[in-house]
Amino acid sequence: MAKQEDDFKKVISHAKEYGYVFQSSEIYDGLSAVYDYAQNGAELKKNIREYWWKAMVQLNENIIGIDAAILMHPTTWKASGHVDAFNDPLIDNKDSKKRYRADVLVEDYVAKIEGKIEKEVAKAAKRFGDSFDKKQFLATNQRVVEYQEKADTILKRLGRSLENEDLADVKSLIEELDIACPMSGSKNWTDVKQFNLMFGTKLGANAESAMDLYLRPETAQGIFVNFLNVQKTGRMKIPFGIAQTGKAFRNEIVARQFIFRMREFEQMEMQFFIRPGSQKEWYEKWKENRLKWHLSLGMGEDNYRFHDHEKLAHYADAATDIEFRFPFGFKELEGIHSRTDFDLSQHEKYSGKKLQYFDPELKENYVPYVVETSIGLDRMFLAIFSHSLQEEELENNTTRTVLRLPAVLAPTKAAVLPLVKKDGLPEVAHKIIDDLKWDFNVIYDEKDAIGRRYRRQDAAGTPFCITVDHQTLEDETVTIRHRDTMEQNRVAITDLRAIIAKEVDMKSWLQRMA
Ligand code: ATP
């Protein structure tokens, strides 16, 4: 646990030191759970967004993208159920005065049990070596089976109590499991209460006529209310999808995991409109498709898993999370939800407008069903950033810090470094930059010895360093150094563009999904 916390602290300080993420309004001591993306962070975030957008919108003939407003008519949120049901169960510790999400306290308890299972698996894998069969071990090892049963029973009961809004039982569960406040160790809990997560604001100049609005807590509703406009103007035929990326706001009760849980964050959502009855098939297809997208980034199959929901939201008939192994354990990165016709039907009811589709093959009107994929851009950023940050032992007994970002997403693709600040080398370096900048983000760096400059670029996540030396003046060749292998090759300046493109080209990364 201490190592996990330590690793996570390193992630946060590295993000600050290398210009990725700053605390918002830091000079005023910051605003809790609100963050700013700095020079490198903004680029990384933009690249992740583009990687998602291309995979969803550009590569799918039947998906188009929109950009709806953050402010929406307030009835939207009555129809969607957010006014009545967008609540988290909160609990306070009377001694430490710390506030928690009651469901998260229980889930963290279960995560500890799962951690024990993982430990047993690791031990057995070591003992049995190549002959180890994980599936069989999980199904037959007495201790592991008992752990698993305990975890399942707890989650089932939590799901049932939340579904029935039996908050007293959620508290009983916390007490029965003997869960203590992680800060103080105290078990002196208040009752569990519901807390609405939407931020309110006002539209209009004077108090009497002002209209109460909400900052959108999800981007999805901007898609639903535009369903018919898009379908008609785009002449879309079912099945088709509408995608968008944009800010969402939630007044989160507990927000202390850096950009994992923020009060202002960005979502990348896609609603796929389908025939009623085909939802199972599309749900499975989108699960598979989205996992492939994640795996295309090469961060290791073992770091992802599906977690099916026990407790389904009021709108869903099936739901799963793609979880990622963050520095603090497996947690939700993306949600895939089969939302039935709930949202469109509700908007029909509240607006009095028909939101139906005439299916030319079936020759009938219906309210389409929806399968949604919803991923937090900031969470994806954290997954990539924390996974990429590595301390590496080198052969000469030193270590280097390297940020192994997937090259396609790296904020800067190459740093051009004159070996010395004289003899015309800086001029050649600038000429190389002038040539490459039309295709890639490239930077110039002449400060410090070349070794330190390499280390600095490794830690910043730059995939290539290009060094201009005296030989360059004679034969127009440079040294190109690869971040991950530290390998250096002498190449012609005229070949640089092709060498870099080969590793950072979005097309070839996305083709790994095929
Ligand atoms: P959680 O259970 O972690 O609160 P959720 O189930 O409420 O998440 P959804 O409503 O399904 O999340 O939102 C879709 C995605 O948006 C999540 O998978 C996550 O990546 C992202 N997300 C949700 N809330 C936040 C937040 N407060 N900060 C950053 N990202 C968020």
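1. The second largest pocket has 24 lining residues, and those nearest its centre are Glu 118, Lys 134, Leu 138, Arg 305 and Phe 330. For your own grid work: a pocket here is an open set of points on a 1 Å grid over the protein atoms alone, where a 1.4 Å probe fits and protein lies on both sides within 12 Å along at least five of seven lines, and a lining residue has an atom within 4 Å of a point. The model is a predicted one, where local features need pLDDT of at least 70 and side-chain atom pairs pLDDT 80 or more, while totals for chains, interfaces and linings use all residues. Residues are numbered from 1 along each chain as its sequence is written, and side-chain values use heavy atoms, without hydrogens and water.

2. The volume of this second largest pocket is about 690 Å³, taken as the space filled by probe spheres set on the points, which are joined across faces, edges and corners. Its lining divides into 12 charged, 10 nonpolar and 2 polar residues (charged: Asp, Glu, Lys and Arg; nonpolar: Ala, Val, Leu, Ile, Met, Phe, Trp, Tyr, Cys and Pro; polar: the others, Gly among them).

3. Where does the second largest pocket lie? Domain 1 (52–74 + 197–390) and domain 2 (87–196) both supply lining residues, so the pocket lies between them; the bounds come from an automatic or database domain assignment. Helix 5 gives the most to this lining, with 6 residues. Helices (H or I, at least four residues) and strands (E, at least two) are DSSP runs, numbered from the N terminus.

4. Do look at the rings too: the structure holds 24 aromatic pairs. Rings of Phe, Tyr and Trp (its six-membered ring) pair when their centres lie within 6.5 Å, with planes under 30 degrees apart called stacked, over 60 edge-to-face and the rest tilted. Phe 8 and Phe 328 make an edge-to-face pair, 5.0 Å centre to centre with 75° between the planes. Phe 8 sits in helix 1 (residues 2–17) and Phe 328 in the loop between strand 12 (318–326) and strand 13 (329–340), so this pair ties together parts 320 residues apart in sequence. Phe 8 is buried at 11% relative accessible area, and Phe 328 is buried at 18% (buried is under 20%, exposed over 50%, partly exposed in between, with a 1.4 Å probe and protein chains only).

5. Tyr 304 and Phe 324 are also edge-to-face, at 5.2 Å centre to centre and 65° between the planes. Both Tyr 304 and Phe 324 are buried. Ring pairs join a cluster whose members include Phe 8, Tyr 304, Phe 324 and Phe 328.
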